[in-house]
Amino acid sequence: AVRALQTRIVYGGNIAIPFREETGNKPLLPSDPNMEKALEIALQTGDCEKATEALEKLWAMSGIMAAESADDVQENIMYFGALLIRIMQQQGWPFKELAGDDFALFFNLQALGRKEQIHALLVRVVQRAAEYVHKQRMSVSHQIVKQLLGIVEEEMDQDISLHQVADRLYVNSSYLSRLFKQETGKSFSAYVIERKMERAKAALQAGAKISEAAAMVGYHDGSYFTRVFRKYWGVTPGEVRP
C-alpha cells in the first residue's frame, strides 16, 4: 500500500493506484554537459529567458515524464537539485535565499506529489536565481561607476583600460579601481573579461562566426580569443555555435 501511494508522484493524486511490480527500462538522467553549461551561463548573465529554456531542455531530456516508478522520479529530482546547488555554490550565491519557501522541499522530496509540482519548483528557483543576478548588476549606485559600466557596454569592440577611462572621467585611476571593486565586488579587468565573454557567447549562440564574435569584443587574434574563451567558459567557441 505504501509503495502504491508513493507512485502518486508518477500518476498524480486523487485517483486509485493499483500496485504492480515495477518493470521496464529505467529512464536515464540528463547527460548533456553543454546544456548544463548553457544553464550555468544563462544564470551567470542573469538571462531569465535563456535559463528557463535550458532548464526545459534538460527536463525534456531527463525522461522524468516517462518514469514508471517513484524511485526513478526521485533520482531525477536529486539530479536537478544537485545541479542547481553546484552552480549557485560555485558563484557564491545564497541558495537558501534563492530557493525561498521551496528550500525545505529539496530535503523532503516526498512532499512533491506530482511531476508538475517538481517542474514548477525548478522553474521558480531558476528564475529567482536569474533575477537575483540581474538585480545585482542593476544595483550599482555611484554615478561614476554607472558611467564606467556604460563605457564598457558601448565600447565592447575596443581595448578598454582602467587608466584610459579614468582620464576620460577626470578621476584618479587608483580611486576608480577601489570604487569599482567596492560597488561591484570585482576588479575592473575581471568585469571587462566577463562582459566580453558573455557578449561573445551570445553572439556565437546566435550564429555568428568565431572571427565575427571575436571582433565584436575587441579581439583581433582569433587564436588568442579562442584561448581566452576556453579558459573562461571551459569550452571552445566552436562548441557553443548552433
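Is Met197 buried or exposed, and what is its relative accessible area? Met197 is buried, with a relative accessible area of 0%. Buried means under 20% relative accessible area, exposed over 50%, and partly exposed in between, with a 1.4 Å probe and protein chains only.

1. Basis. This is a predicted model, where local features need pLDDT of at least 70, side-chain atom pairs count only at pLDDT 80 or more, and totals for chains, interfaces and linings use all residues. Residues are numbered from 1 along each chain as its sequence is written, and side-chain values use heavy atoms, with hydrogens and water left out.

2. Overall make-up. The chain has 14 helices and zero strands. Helices (H or I, at least four residues) and strands (E, at least two) are DSSP runs, numbered from the N terminus. Of the chain's 242 residues, 43% count as buried. The accessible surface comes to about 13,300 Å², and carbon and sulfur atoms hold 52% of that. Such areas come from the Shrake-Rupley method with a 1.4 Å probe; for residues, only the protein chains shown count as cover.

3. Contacts along the chain. Contact means heavy atoms within 4.5 Å. Take the contacts between residues at least 6 apart in sequence: 69% of them join residues at least 24 apart.

4. The largest nonpolar core. A nonpolar core is a set of buried Ala, Val, Leu, Ile, Met, Phe, Trp, Tyr and Cys residues joined through side-chain atoms within 4.5 Å. The largest one has 35 residues, and Phe188, Phe225 and Phe229 touch the most other members. Two or more residues come from each of α8 (143-154), α9, α10, α11 (188-205), α12 (210-216) and α13 (222-233). Helix α11 gives the most, with seven residues. Another core lies apart from this one; it has 34 residues, including Leu43, Leu55, Leu121 and Leu122.

5. Met197. This residue lies in helix α11. Leaving out residues up to four places away in sequence, Met197 touches Tyr219, Phe225, Val228, Phe229, Tyr232 and Trp233. Met197 and Phe225 are 28 residues apart along the chain, yet their C-alpha atoms are separated by 9.4 Å.

6. Ala200. Helix α11 also holds Ala200. Ala200 counts as buried, at 0% relative accessibility. Beyond its neighbours within four places in sequence, Ala200 is in contact with Ala213, Val217, Phe225 and Phe229.

7. Phe229. Not counting residues up to four places away in sequence, Phe229 touches Met197, Ala200, Lys201, Leu204, Gly234, Val235, Thr236, Pro237 and Val240.

8. Helices α9 and α10. Helix α9 (residues 162-169) and helix α10 (residues 173-184) pack at an angle of about 105°, with their axes 9 Å apart. Axes are lines fitted to C-alpha atoms, for helices over the stretch in contact, and angles run from 0 to 180 degrees between N-to-C directions. The two helices are therefore roughly perpendicular to each other. Angles of 65 to 115 degrees get that label; under 35 is roughly parallel, over 145 roughly antiparallel, and the rest oblique. Leu162, His163 and Ala166 in α9 meet Ser173, Leu176 and Ser177 in α10.

9. Tyr170. The loop between α9 and α10 contains Tyr170. Most residues other than glycine have a negative phi. Tyr170 is not a glycine, but its phi is positive, at about 60°. Tyr170 is exposed, with a relative accessible area of 76%.
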